[in-house]
Amino acid sequence: MCMRVPIRESIRSLPPYLAGARPPGEGRYARLASNENPFPPLPSVQAAISSAAGRINRYPELLSSTLCDELAARHRIDPAQIVAGTGSVAVLAHAVTALAAPGDEVIYAWRSFESYPIVCGVAGATSVRVPLIDHRHDLTAMAAAITERTRAVIVCSPNNPTSTAITRTELAGFLTTVPDTVAVLLDEAYIEFCDHPDICSGIDLVATFPNLVVLRTFSKAYGLAGLRVGYSVSHPDLASAIRSVSTPFGVNEVAAQAALASLTAEAELLARVEELVATRAELAAALAEQGWDLPASQANFFWFPLGDATMAAAELAVDHQVLVRPFAGEGVRVSIGDATDNAALLAVTAAWRDVVAR
Ligand SMILES: *Cc1c(COP(=O)(O)O)cnc(C)c1O
């Protein structure tokens, strides 16, 4: 049977979201394709999850108010400034939908997170991509790309997949340049992994820049990728607009309780982050020893700009039972895993040296 219902052109032409590879078969694979946290959930978080599971015949809170209140207390802001959602990607999508209509423009750096073209396409907005320089955002060019049609600029810091972050000085300078009628959507999915002294969250800049929306997630540093919880911090009026687009009851009770338990156990979770950051330094040194000159990572992953050798390198990794994330023709993104995964990774990157033109 032929399906004849017309689908919107902007939806038909969307690029698919390519998820990181899952293990193709039995045996241990190092799962380094999705920037997940290698640590299993804490016992206290698992207990909160089990307990919430007994209540899922009931709807959760409509707007995750308990979680928003707790986050607001931690960030010392008004709960009305926070919108929680089904992962920060959903909150970002709701923000773009609230701001950009067909014909409007949304600027973002490229290569960056592959959700951005999808989120803009779904809203019907036009994507304006500004090339990275040296694997970093070119904030000057991004500001220069703003037109009368621009409704939002997405800034991903640290940038997925290139691992570089913008400094506090750069962010503040950029926000001063952007007209206050254009939203800046700052995606901080990996901010907890930053250890550079001049790189930190932009949340405290929301008070000064009412056009700034900061997006945070429990998926990476807090290890709750499987439960889908993220949130935005912004001026209450922007928050209210984002909320009005949001899926009702978007954060389920299990996810909300896991997020709350994670905040209670924040010190333990941040100690794990610190451990991953220390591992990143060790891996960076080992990779330099192998002869790699990679962008300095401020995230829980490394970027190998392998160009045309990318797909061959990813296949070679699978032969070693290591799953990585290739971007054809551009490079390979590799997450930091546990000690076993990282040892397997170093064997792969050593093998890459032989096949990759440097
Ligand atoms: C992983 C990631 C997110 C988080 O997505 P969730 O929907 O919260 O799981 C957001 N932005 C970027 C750039 C990411 O890499």
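A residue is called buried when its relative accessible area is under 20%, exposed when that area is over 50%, and partly exposed in between, using a 1.4 Å probe and protein chains only. By that definition, W292 and F304 are both buried.

Good morning. The model before you is predicted, so local features need pLDDT of at least 70 and side-chain atom pairs count only at pLDDT 80 or more, while totals for chains, interfaces and linings use all residues. Residues are numbered from 1 along each chain as its sequence is written, and side-chain values use heavy atoms, with hydrogens and water left out.

Let me begin with the aromatic rings. A pair of aromatic rings is described by the distance of the centres and the angle of the planes. Rings of Phe, Tyr and Trp (its six-membered ring) pair if their centres lie within 6.5 Å; planes under 30 degrees apart count as stacked, over 60 as edge-to-face and the rest as tilted. Searching the whole structure gives 12 aromatic pairs. One of them joins W292 and F304 edge-to-face, with 5.1 Å centre to centre and 90 degrees between the planes. W292 lies in the loop between helix 10 (266-289) and strand 9 (301-304), and F304 in strand 9, so this pair ties together parts that are 12 residues apart in sequence. Helices (H or I, at least four residues) and strands (E, at least two) are DSSP runs, numbered from the N terminus.

W110 belongs to one aromatic cluster with Y17, Y108, F113 and Y116.

I turn now to the backbone. Most residues other than glycine have a negative phi, and most peptide bonds are trans. Which kind of peptide bond runs from W110 to R111? It is cis, with omega near 10 degrees. S157 and P158 are also joined by a cis peptide bond, where omega is about -5 degrees.

N35 has a positive phi, near 55 degrees, and is buried at a relative accessible area of 0%. Q321 has a positive phi too, near 60 degrees, but Q321 is partly exposed at 32%.

Finally, consider A313 in helix 11 (residues 310-319). At 0% relative accessibility, A313 counts as buried.
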